[in-house]
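This report concerns the sequence and structure displayed below. Please keep both in view while reading.

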Number of protein chains: 4
Amino acid sequence: MSLNTFGHLFRVTTWGESHGPALGATVDGCPPGVAIDEAMIQQWLDKRKPGQNKFTTQRQEPDAVRILSGVFEGKTTGTPVQLMIENTDQRSKDYGDIAEKFRPGHADITYWQKYGIRDYRGGGRSSARETAARVAAGGLARAALAAAVPGIEIKGYMVQIGPHKIDRSRFDWGQIDQNPFWTPDAQAAEDWADYLGQLRKSGDSVGAVIEVVARGVPAGLGAPVYGKLDTDLAAAMMSINAVKAVEIGDGMDSAALTGSENADEITMGPDGPVYSSNHAGGILGGISTGQDVVLRFAVKPTSSILNPRRTITKSGEETTIITKGRHDPCVGIRAVPVGEAMMACVILDHLLLHRGQIGQAGGKIGPAS
Amino acid sequence: MSLNTFGHLFRVTTWGESHGPALGATVDGCPPGVAIDEAMIQQWLDKRKPGQNKFTTQRQEPDAVRILSGVFEGKTTGTPVQLMIENTDQRSKDYGDIAEKFRPGHADITYWQKYGIRDYRGGGRSSARETAARVAAGGLARAALAAAVPGIEIKGYMVQIGPHKIDRSRFDWGQIDQNPFWTPDAQAAEDWADYLGQLRKSGDSVGAVIEVVARGVPAGLGAPVYGKLDTDLAAAMMSINAVKAVEIGDGMDSAALTGSENADEITMGPDGPVYSSNHAGGILGGISTGQDVVLRFAVKPTSSILNPRRTITKSGEETTIITKGRHDPCVGIRAVPVGEAMMACVILDHLLLHRGQIGQAGGKIGPAS
Amino acid sequence: MSLNTFGHLFRVTTWGESHGPALGATVDGCPPGVAIDEAMIQQWLDKRKPGQNKFTTQRQEPDAVRILSGVFEGKTTGTPVQLMIENTDQRSKDYGDIAEKFRPGHADITYWQKYGIRDYRGGGRSSARETAARVAAGGLARAALAAAVPGIEIKGYMVQIGPHKIDRSRFDWGQIDQNPFWTPDAQAAEDWADYLGQLRKSGDSVGAVIEVVARGVPAGLGAPVYGKLDTDLAAAMMSINAVKAVEIGDGMDSAALTGSENADEITMGPDGPVYSSNHAGGILGGISTGQDVVLRFAVKPTSSILNPRRTITKSGEETTIITKGRHDPCVGIRAVPVGEAMMACVILDHLLLHRGQIGQAGGKIGPAS
Amino acid sequence: MSLNTFGHLFRVTTWGESHGPALGATVDGCPPGVAIDEAMIQQWLDKRKPGQNKFTTQRQEPDAVRILSGVFEGKTTGTPVQLMIENTDQRSKDYGDIAEKFRPGHADITYWQKYGIRDYRGGGRSSARETAARVAAGGLARAALAAAVPGIEIKGYMVQIGPHKIDRSRFDWGQIDQNPFWTPDAQAAEDWADYLGQLRKSGDSVGAVIEVVARGVPAGLGAPVYGKLDTDLAAAMMSINAVKAVEIGDGMDSAALTGSENADEITMGPDGPVYSSNHAGGILGGISTGQDVVLRFAVKPTSSILNPRRTITKSGEETTIITKGRHDPCVGIRAVPVGEAMMACVILDHLLLHRGQIGQAGGKIGPAS
């Protein structure tokens, strides 16, 4: 069985393979009346688009999205929105060598074990190309969110590549869009360019950590205890290709804290509660606090490398493999807009779930009026 | 909105509050014919039971499970299994102080913001007491798994408490059940006892990291791309109270690896593929490889501490709070059987999903016969 | 596989067998703040309760509901509500004869074929006793609906028993609660009493048609195209034991109409559209119009009769069977409150779904202001 | 909210409007290894295609399906199958008159009330054109069913048009494909041609009843108590445009039967149970018996007629309306392949659900071996 839908009310079903005629996202549950057009979605796809610089795959795809349904006279109608991206660069000759061999660290072998089908054309459904459909859906989610929660902002950026982390003291929000790594640390961007350039020449690849922040999320979003906001965010991020870990707020470091250290103390501000810190990453008990929602996810290095690795063939023979072709030395770079898209979808979904409550939309804090 | 069900085919709905008459799990989709009785489930609840040693809450609850439906003549019938645990120790006077104040780092405030209801009796639904229901459901899942996959084993253990990690060179599987921390490192168990004893006296709490391993999981489980095995495991673990991070295989450390390092090389053994290492944690492309499935999750320190923290009341007044009452200095200890239970439920669920395939159950590896 | 949950946001999972310790409904997604207590639910269970008159089974069950979770200080908290009914009259000796034989027209044989389990104690999960849990959940749904849509009314009544239909010219809403058949035709109630009395003496049973009307349903409810209001009502009613057909509005008779006859013409009233008729049963395109929602469902005669029928045993031997024990000559009578309960659950569910929309709750009809 | 997905494991999401660029079905959960190509699906679309004779709309659409994903080298891969049909005949000038007026008996008004959007181009999403996507998905379901259950056959046919029913004594399975009404009664086909010809000239429309039969369905399919086979069939049929009633087996007529009459007596044949009759329509307790699964549904007359009807405009003004354009005098004719498609999807879905059981696939009937 496959399960290609995520979301409770804002439901995104992605479809399509790396080398088929097209791929896309069937989005059901988008509220009616949201202003949207192809250009509004295309801007996010362009951010993810391959071939933009020497650190991403040289596959040349315009990744032009078409809206096939659900929009009339510039607004969503409340019916399913079909977002299709045609595959134009389907060169498959590069992949001939891997029709029989399994790439170590790649889903080749497990897809074969599960389905008994080998779609060797660039990984088929397991290809990171599937994430283009997520980004398209995320563009629609962003538009719906912007209409519902003015000022909400969702931003992803790299905080680590290989062993090299950013220096948080140099964190500059304005730098994020100024370098090919989407990193807020300008110095790190320079260092990483050298590092990754060498790595690429050596035919190797490397992992990364991406942080995604959502600002302006209303308090009260999340559906305990199995549809918590952090639960759904963890699932959303872990479903992205090559992701091996997800952290909320302090994440793994929480384990080392005492309760006294971990407590985000609360005082009263003019607009409601004010927190002294954000160890929680904006989520308590699976429900948003109104602080920034902060998460990180780790992306492993791509398995498509030029260094020979031992492996086996479908018929069980031992051999070695190197993967030629057009691959990213660090797939984490292009995972940034994907993480943003998933964040947007999850938050919109929970906004819709929360609005479904009858009557009062939650408890107020402050003197009884 | 709340969402209290998890699982696709093996669906567990937990219900009940910390201080209500009872709590439990309504389990739908359990296969028929599974041998089960209350004692088989009780053994796992006893592992989680409070009041077992000085490091867990002194609340005295027998946590006796009753099977109210779905079992006839010692076997499941394929209809819903109701597992109920009555609350016998419902002292609520301890909680009087927090009826108006919000505990920093606790879900008090967000439950109020979401629902406009303050169930101050021990946290209500947000209490870790809810996890007793998970453990009960996990006991049923284990029985069904054992029947379907002979030899499958699921085991959780602590690998870190506060800043103190185990020494992997001392890892001894046989030690896990021999100490109150469920840790495979006997020396760590002694050191931690001292550390936690002092922490408890100081009225503080601390976080932890739990590792859960499933051995003997067949290859092919997982439902790409939004019901991947790791996706569902990440969601399952993140839904547990106080969990702030989930890692699969090398987890966050994957980011620092090169592709050459990360590749789990493959050779051919007598029974199928053999891997040189398990950076992947037994999951590639969201599908099990047949290796051990390995995950870790981080539990933050409980917010119920004796050190005063600044906070506000429902009416917006600033104040401070300390939390008296019966609390665990390290909730991570009791999270061990909970993590095991969630692992059991997710793997069973995916086994059922995978069996739903028509015809061949996946591709074979080896010479054509 | 079994699937024991219905509803999209107001999700009801029923559990329990005819002769187990208890049965009930786990209700998730009920909005917070709904005033509810056991008595408010009990009133509906009492309407369905067996043993009330000579036309319903003489099984004596108080069917007393207990609220085990989700309610605090008299109001729902937004967390799962567990409604439990203990079985007190579990005489099983009556059923000894059917442990090996299959009753023609009963689910005995298909439950065996599906699950390989024979719960011969009164039909197990296939017993109409399961509908007590539906009625309990429906009581909660009614309370939530009443809070959200003042004046909404849901009423079921019998319009046919065996071949005998009511005379619509004698339809009197006030009569419904005045007779054991819940019929609006007082004369029919008298005639049917004679008819059913004779039938009962002969050891036979008979079918019935129940009509359920919801008044005051807002326009706009329904989720096209697979969660239409009529789609979900059809599923809800067809899921009730012994139901073989569901009609909306004119139902089967629609087939014989011309488009000119079927058109419910529209004029403009002070409060919005006014319809000249209601062939549509209050639903167009799967969405409520604001007219009365009207449906009917047919209940087949119970298969537990005293006339011998040919059948087989589990081991394949041919034999005959008669069913002694305490059975209703017309199960349709007690299906009335069940149909009401399902209507209440479905309408509440769609109200919640509709409220989930962002911004405008739909289009207005009338001059632009 | 809209909900455009049906099915538990074989999940079909349809998308697209009457006059948008395209419509289609995103099918998730199709088993891998099913042989399929566009021609196999096209044959069913051709059966539904408009413009085939004078009794169906003269809209000329080739309705050519394209498979955009999920199929590789002629077989399904187990990943989502995207079936797209481009709209080529999008004349919208015919619909100008209804941009402001609501058609009585049509979903125009409720879509407006729900969404606040008026897609006046042929009804938008509420158009029966959506059913083309169902037929495409049904074509895939048929292929998967044929592979899994050799000999299974699904057939729909008309049994009533307006007040005119077929004569069951003339029932001839071989006639069904020989006339434009898909009716098994050759004489009725001739009579109906005259009747419908006159009706069409008068600018009116009429309803119909379609019967759908599935032969060769294995015993044991269905997921009590809310995913029963009849429950899901009722929902599937009721979700089709213009359907107002669904019957299983004897349907509404069951109400008039006694238990003695209704009992389908059982004897033992060489291959298992043999039933003396099929009042149950092949379903007991929501589970298939192995007999023919038989259902009927009633289609109301289309609301697009040339006789003027009173109505109102969006701004609340009273007026009258006639609907010019290309419409079917009896939409029931084209509902035949749609009903078949829904039957195929539901049965495949339940086959997959049933296969998900661990171990024995159900109980055996016959002497212990």
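The structure is a predicted model. Chain A can be superposed on chain B with an RMSD of 0.0 Å, by a turn of 180° and a shift of 0.0 Å along the axis. The two copies are thus related as by a two-fold rotation axis.

## The largest pocket

The largest pocket holds about 960 Å³ of space. It is lined by 29 residues, of which the closest to its centre are Lys165(A), Glu247(A), Met252(A), Asp253(A) and Met252(B). The elements that give two or more residues to this lining are β8 (153–161), β10 (208–215) and β16 (293–299) of chain A, together with β8 (153–161) of chain B.

By class, the lining of the largest pocket comprises 14 charged, 11 nonpolar and four polar residues.

## The second largest pocket

About 800 Å³ of space lies in the second largest pocket. Its lining consists of 25 residues, and the closest to the centre are Met252(C), Asp253(C), Glu247(D), Met252(D) and Asp253(D). Two or more residues of the lining come from β8 (153–161) of chain C, and likewise from β8 (153–161) of chain D.

The lining of the second largest pocket divides into 12 charged, 10 nonpolar and three polar residues.

## Arg48(A), an annotated position

The unreviewed UniProt entry places the feature "binding site" at Arg48(A) and Lys54(A). Arg48(A) belongs to helix α1 (residues 38–48) of chain A. Is Arg48(A) buried or exposed? Its relative accessibility is 2%, and because buried means under 20%, Arg48(A) counts as buried.

Leaving aside neighbours within four places in sequence, Arg48(A) is in contact with Asp63(A), Ala128(A), Arg129(A), Thr131(A), Ala132(A), Val135(A), Arg334(A), Pro337(A) and Val338(A).

## Thr323(A), a loop residue

Thr323(A) is situated in the loop between β18 (318–321) and α7 (332–355) of chain A. With a relative accessible area of 6%, Thr323(A) is buried.

Which residues does Thr323(A) contact, leaving aside its neighbours within four places in sequence? They are Arg103(A), Ser303(A), Ser304(A), Ile305(A) and Leu306(A).

How values were computed: Residues are numbered from 1 along each chain as its sequence is written. Chains are lettered from A and ligands numbered from 1 in the order in which they are written. This is a predicted model: local features need pLDDT of at least 70, side-chain atom pairs count only at pLDDT 80 or more; totals for chains, interfaces and linings use all residues. Side-chain values use heavy atoms; hydrogens and water are left out. On a 1 Å grid over the protein atoms alone, a cavity is a set of points where a 1.4 Å probe fits but cannot get out, and a pocket is an open set with protein on both sides within 12 Å along at least five of seven lines; lining residues have an atom within 4 Å of a point. Grid points are joined across faces, edges and corners, and a volume is the space filled by probe spheres set on the points. Helices (H or I, at least four residues) and strands (E, at least two) are DSSP runs, numbered from the N terminus. Ala, Val, Leu, Ile, Met, Phe, Trp, Tyr, Cys and Pro count as nonpolar, Asp, Glu, Lys and Arg as charged, and the others, Gly among them, as polar. UniProt positions are given in the numbering used here, feature names are shortened, and annotations may be inferred rather than shown by experiment. Buried means under 20% relative accessible area, exposed over 50%, partly exposed in between (1.4 Å probe, protein chains only). Contact means heavy atoms within 4.5 Å. Copies are superposed by least squares on the C-alpha atoms of residues with pLDDT of at least 70 in both.
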